[in-house]
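Colleague: I am new to reading protein models. Can we walk through one together?

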Amino acid sequence: MKTITAGFIPLTDAAPLIVAHEKGFAAEAGIALGLVREVSWANIRDKLSVGLFDAAHMIAPLALASAAGIGHVKVPMIAPVTLALNGNAITASTAFAREIGAVTDDPAAALPLMRAAIARRREAGLNPPTFGVTFPFSTHNYILRAFLAAGGIDPDEDVQLVVIPPPLMVGSLERGLIDGFCVGSPWNSVAVDRGIGHIVAPGSALFRAIPEKVLAIGGALADGDPGAAQALTAAVVKGAAWCADPANAIALAELLADPRYLDVPAPLILRTIEGRLVLAPGGPSRDVPDFIRFDVPGAIRPDAARMTWLYVQMLRWRQARRDPGMAGRIDALLRPGMFGSIAPGAIETTSTDAVGSLIEPPLDWRAIDAYLAAFDARGLPAKLL
C-alpha cells in the first residue's frame, strides 16, 4: 500500500481530504494516507516544496503562485481537484462594529459606514483599522480587497492588512491586535460565538463561486508515481461527494470537531456546513446561500476560468507581471484530464463570470484587459457600490 503524507490547516474545507482518510476512501484506493495538522500556509508550501509532504490542502492562489514561481521559488505541483468553493467571511471586532454603527445583513450597506469610520479615525489622528488575511496569495486577501475597494476604501492606504495564520485569527481579534479579518470557516463563527466578532460579509454574498482550497500534489508524487496521484485524487473526490450529501452533515461536523482536526464544537461547525450563519453575538441565524460547496463535479472540478480570476487579482493588486504563458501554466497545474478520467462529463465553465461576482465587474477570462481597465491604478473600481 502506497504511503502518502498530506498537510492540512484546521478549516472546514479540509473536509474532503479528512473524509478520504476517515471513511476509508484512500485505503480503498490502495493508499495509506497520513494527515498532518499545520498552522500556517507558509509551512504547508515549504514542507510540500522540500518533500516533507507529498500532498496538501492549499489555498488555490498559493498553489498557482507557487507553481508559477510568483513571489517565491517555483514549487513543482499539480492541483487536480478543488476541495471546496467559498467558505470565507469578513468579520469585524465588536469594537470596530460599534465604530461602524448599524451593521445590517447587507454587506453593501456596511461599506459607506466603514468608510466614514475610517475617516473619523484619520481626522482624530488615530491609526487606520488593521485587518488580518491568511496569506498575501490568498482568496481572503483578494475578497477583502475587492470588498473594501467596492466601497472606495483603498486597501493599501486606508487600512492596514497583516498576515495571520487561520487558527490564530480569533486570538488576535480577542487581544485587540486587529480590528477584523477575512478567513475561512469555522473561525468567523468562533469569533461570533465568543462575543468578540460580527460577520460583516459572508464571502458567497460577494462572489458566488470562489475556488477556495485545492488538493496540491507535489511534483515528486505527481510525476514519479502518477498512478498514486490519481488514486489520491479519486479518493478525495469520493470524500467531497460524501461531504456534499446533506444526510452526512451532522456526522461530518462531529468528525471535524475532533481535536486532531478542527477542535471546535460540532454544532458550530454544522452551522457553517449548512450555511446557517449567526452574524452577530446573540443574534439569530440566517441562511447564506452557497456559503460552502463540496458538490461533485460543480464545485470541485478544476476550472481554468476560476483560476484565471485568481491570477488576474495578482495583476490587479500588483503582485505579478503579465505572463503571456499563464494559460498554459494553469492548464499544467490543473491537469484537467486527471479529474475528467475520474468524473467523466465534468465540463469547465464557459461563463463570462466564472466566480459569480456580485460587487464588481465580471471577469470574462478571455478578456482580461477589459476587466483590468475597469479599475484605476490603485485597483479601485471606476464605479463604486
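Modeller: Gladly. Start with N86, which counts as buried because its relative accessibility is 3%. Keep in mind that this is a predicted model.

Colleague: Where is N86 found, and what is its phi?

Modeller: The general idea comes first. Most residues other than glycine have a negative phi. N86 is found in strand β4, residues 77-86. Its phi is near 65°, a positive value in a residue other than glycine.

Colleague: What is the phi of R318, and is R318 buried or partly exposed?

Modeller: R318 has a positive phi near 60°, and it is not a glycine either. R318 sits in the loop between α14 and α15 (326-334). Its relative accessibility is 47%, so R318 counts as partly exposed. The cut-offs are under 20% for buried and over 50% for exposed.

Colleague: Now peptide bonds. Which ones are cis?

Modeller: Most peptide bonds are trans. Here the bond from S185 to P186 is cis, with omega near 10°. P186 is in the loop between β8 (180-184) and α9 (187-193). Another cis bond joins V296 and P297, with omega about 0°. P297 lies in the loop between β13 (292-293) and α14 (304-316).

Colleague: Next, helices. What should helix α6 span, and how far apart are its end C-alpha atoms?

Modeller: Helix α6 has 17 residues, 107-123. At 1.5 Å a residue it should span 24 Å. Its end C-alpha atoms are 25 Å apart, which agrees.

Colleague: What happens at the start of α6 and just after it?

Modeller: At the start, a side-chain oxygen of D106 comes to within 3.1 Å of the backbone nitrogen of A108. Just after the helix, G125 takes a positive phi of about 75°.

Colleague: Which residues of α6 are buried, and what do they pack against?

Modeller: An α-helix has 3.6 residues a turn, so residues three or four places apart point the same way. In α6 the buried residues are P107, A110, L111, M114, A117, I118 and R121. They pack against α5 (94-100), β6 (130-133), α7 (139-150) and β9 (197-202).

Colleague: How do β6 and β8 run, and how many bridges join them?

Modeller: They run parallel, and 2 bridges join them. G132 stands opposite F181 in β8.

Colleague: Last topic: the core. How many residues are in the largest nonpolar core?

Modeller: In soluble globular proteins, nonpolar side chains tend to be buried together. The largest nonpolar core here has 145 residues. Those with the most contacts inside it are M58, F147, F207, L215, I217, L232 and W309. Helix α11, residues 226-244, gives the most to this core, with 10 residues.

Colleague: What is L232 in contact with?

Modeller: Leave aside its neighbours within four places in sequence. L232 is then in contact with I4, I31, L33, A55, L215 and I217.

Note on methods:
Residues numbered from 1 in each chain as written. Predicted model: local features only at pLDDT ≥ 70, side-chain atom pairs only at ≥ 80, totals over all residues. Heavy atoms only, no water. Helix = DSSP H or I, 4+ residues; strand = E, 2+ residues; numbered from the N terminus. Expected span 1.5 Å × (residues − 1). Buried < 20%, exposed > 50% of the residue type's maximum accessible area, 1.4 Å probe, protein only. Contact = heavy atoms within 4.5 Å. Polar contact = N/O pair within 3.5 Å; in protein donor to acceptor, adjacent residues only side chain to side chain. Core = buried A, V, L, I, M, F, W, Y, C linked by side-chain atoms within 4.5 Å. Pairing = 2+ DSSP bridges.
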